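This report looks at ring contacts and at one strand with its neighbours. The chain is shown below.

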Amino acid sequence: MKVMKFGGSSVGSAATMEQVIGVVRAALSEGPCAVVLSAMQGTTDQLIEAGRTAERGDDGYIELLSNIADKHSRAIHELFGEEGCTEISDFVDSTVSELENLCEGVRLVRELSPKTLDRILSFGEIVSTKIVAAKLAAEGVENEWLDSRQFIRTNSNHGFAAVDFAETNQRLKEQFSASSVKLSIFPGFIGSDVGGHTTTLGRGGSDYTAAIIAAAVDADILEIWTDVSGMMTADPRFVRHVRQIPRITYREAMELSHFGAKVIYPPTIQPVMVKGIPLLVKNTFAPSDPGTLVEAESQAGTDIVRGITSIDKITVVSLEGSGMIGIPGFSKRLFDALSRAEINVILITQSSSEHSICVAIEERSAELAKRVVDREFEYEINVGRIEPLKVENGFSILALVGDNMKEHTGISGKMFTTLGQNGINIHAIAQGSSERNISAIISSKNVRKAVNTLHEAFFSDGNKQINVYVAGVGTVGSRLVEQLRTQADHLAEELRLNVRVVGVANSKRAILDSEGVDLEGYREMLPTASETNVAEFTDSIIAENLRNSIFVDLTASPTVVDNYPKLLQKSVSVIACNKIAASSEYARYANYKELAREYGTNFFFETNVGAGLPIIHTLNDLVRSGDRVDRIEGVLSGTLNFVFNNYDGTRSFAAVVRQAQDEGYTEPDPRLDLSGTDVARKILILARESGHRIEVDEIVNRGFLPESCLAGSVDDFYVELERNEAHFRRLLDDARNQGLILKYIASFSDGQASVGLQSIGPDHNFATLSGKDNAVLFYTKRYSQQPLVIKGAGAGADVTAAGVFADIIRAARG
């Protein structure tokens, strides 16, 4: 025999009932079946609401019951046509009348007892099964509708009744032995106590009903038909690319269902596990899908981790105190107190010092737990041996489940490392000796991020999702976005990185889309996007709480830099094209670096010195590998190199500078480049990255601009350049007369840094630098005679964007 259970979504309408009937008819062609049905989708919640409404003395329950009756009447009309089915319609009407009487009684006494609520709730399953049984009969399929209350005997714990299996099994065996009908239909969820009063088996109890029947009659298989194609590796509401689990053991299924997997009601598995009856989870709306087979042992060589699941609305209660150490009995008294109050303990962990016991319970039981435990330990609390029970809300339990975990080392380490790298704090952990389950208590606000992060670590095809936020979409920003767009396929195929831009912002507006911003249309969208400021933009990033998040600063704004700490403390990597952070006060720079280390994230700023040239990361590698940097020399301004390479006396110095600005090589205010300020910041950054504590005002700046060029507006600046052409021509001629050329050079040696215009000979390392090239020479303990040279284009939007791109990839892969 086959036992089949169909959930509320499977009988949610006339159309879905027709699909159920089709599945049942197909199964009958293979042998006898017992079918268990839930109430129509949403009915149980509506019935609870009607009862609670009546309990408040509100006659609004009448409208609620009328809506329930209308829903069932519509289904009957659609199934049976204009003529309908008088018998079943009359049954619905009489049952609704009974419900109205019950609710009116509740309204009058203002009390809804668990016993009365069970009577009210039984309506849903009874009527749905009556409708389906009548439709099958109308189609010529002989069936027998059986009232589960006549067979499933329970205690009187209304709302969550315990089954008397001895009597229940006997009654069911007698029924099936005596019946010759191939199809039996049972309402799920309900039973009765010894007095014949209706009881319920707990929300989701229809699964349990089916398992009870399957175990009693030694069924060949139990099939649970729902609206998903089996059990999944994670909750599809959280993870977009979940995988269906083809086979799973009873033990794994119990762990997953206990820790939040909604496909199977937790008690369901026990009866069939004892009898070794396989359980198959199928999809009513995709009956050809294979589903998930739950059995005693799964196939060898399957996934190490079977699934990831979570339970929300968890409260953590902690009993702490030095008076607990070495004194037996505290744990027993704690759990006895909770048990007497009928508070279910979901997870337990205790420190080896015996100083504290941590217990996870349902949030709704928090206040009761506080009262009963503090009362139990009233004496110890009063004399100071222990503290009053500590109650913390807002938690969830995250669980990693799999039989094969016990055979593999490093699973716990991988789990906790993955969570830590994404800034997810673990409040408490627990692992059973079976090693089948690793559980962690985390903040509820991190659940979606945690499940996605772990699913990617344990179940992905190797691709890693990276979520990028871009602040500043000017020339460099727009080039970066375009590079990310055009290289998306390459990153996915070659580096297994799915880089998704989920936010772009300018100084006034921002676009945020966790599914990915339209990288072709964002420019048109920004002018009408929501107004925001930098603080609000960063707060939105933190609130979205996406895994593997990277913030890219392509502005020159100090306000943006002020928000770095918030991001780093949430393990959001920061990629800064903005030089302010790394060149500001040393204490501030060091704080950003320390925050990145503390929170396991990245703070990269490669483009601060040489656009796309790998200068800083090369220096970092030297230092990390134990080399000592003795001296640094560099041409660190592509702008200044371009200017002095192109200033030959045939055009004015002002004209050459204006050409550099027009071609995008200068800052909006070229004086930042020509004054040497920008170069000073760059050598400062290199000195700091070499391990030296140095401030910008300690750098000697030998400027070549006349003072008059530094005052006024940018337009005034160009006027003054033209007025001082003789000064610039004199610098050029003096160098030429000695057979030398002009280069603006930065140096660092013996803890001292300087920048300034120098005349160098043709044999100098920097003499051959052309165009906007930069070059850096590192003289180190290892490179003492021949320096390590890094040379290439040091300015331009494309190469700068490429440098930022490279930092994004480093952060993503780190």
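## Aromatic pairs

The model is predicted. The number of aromatic pairs in it is 20. One of them joins Phe330 and Phe377: the ring centres are 5.8 Å apart and the planes meet at 10°, so the pair counts as stacked, the limit for that class being under 30 degrees. Phe330 belongs to helix α10 (residues 330–340), while Phe377 sits in the loop between α11 (366–376) and α12 (378–382). Phe330 and Phe377 are both buried.

Phe644 and Phe653 make another aromatic pair, with 5.8 Å from centre to centre and 45° between the planes, and this one is tilted. Phe644 is buried, as is Phe653. These two residues also belong to a cluster linked by ring pairs, in which Tyr647, Phe704, Phe728 and Tyr744 take part as well.

## Charges over rings

Lys130 lies over the face of Trp145, 4.0 Å from the ring centre. Arg237 lies over the face of Phe238, and here the distance to the ring centre is 5.6 Å.

## Strand β4

Is strand β4 enclosed or open to the outside? Of its 5 residues (183–187), 5 are buried, so β4 is largely enclosed by the rest of the structure. In a regular strand, side chains alternate between the two faces of the sheet. In β4, Leu183, Ile185 and Pro187 point one way, and Ser184 and Phe186 point the other way. Residues on both sides are buried.

## Neighbours of β4

Which strands pair with β4, and in what sense? Strand β2 (residues 33–37) pairs with β4 in the parallel sense over 5 bridges. Within this pairing, Val36 has Phe186 of β4 as its bridge partner. Phe186 is one of the β4 residues described above as buried.

Strand β3 (residues 144–145) is also parallel to β4 and is joined to it by 2 bridges. Glu144 stands opposite Ser184 of β4. Strand β3 includes position 145, and Trp145 is the residue whose ring face lies under Lys130.

Technical notes:
Residues numbered from 1 in each chain as written. Predicted model: local features only at pLDDT ≥ 70, side-chain atom pairs only at ≥ 80, totals over all residues. Heavy atoms only, no water. Phe/Tyr/Trp six-rings, centres within 6.5 Å; stacked < 30°, edge-to-face > 60°. Helix = DSSP H or I, 4+ residues; strand = E, 2+ residues; numbered from the N terminus. Buried < 20%, exposed > 50% of the residue type's maximum accessible area, 1.4 Å probe, protein only. Lys NZ or Arg CZ within 6 Å of the ring centre and 35° of its normal. Pairing = 2+ DSSP bridges.
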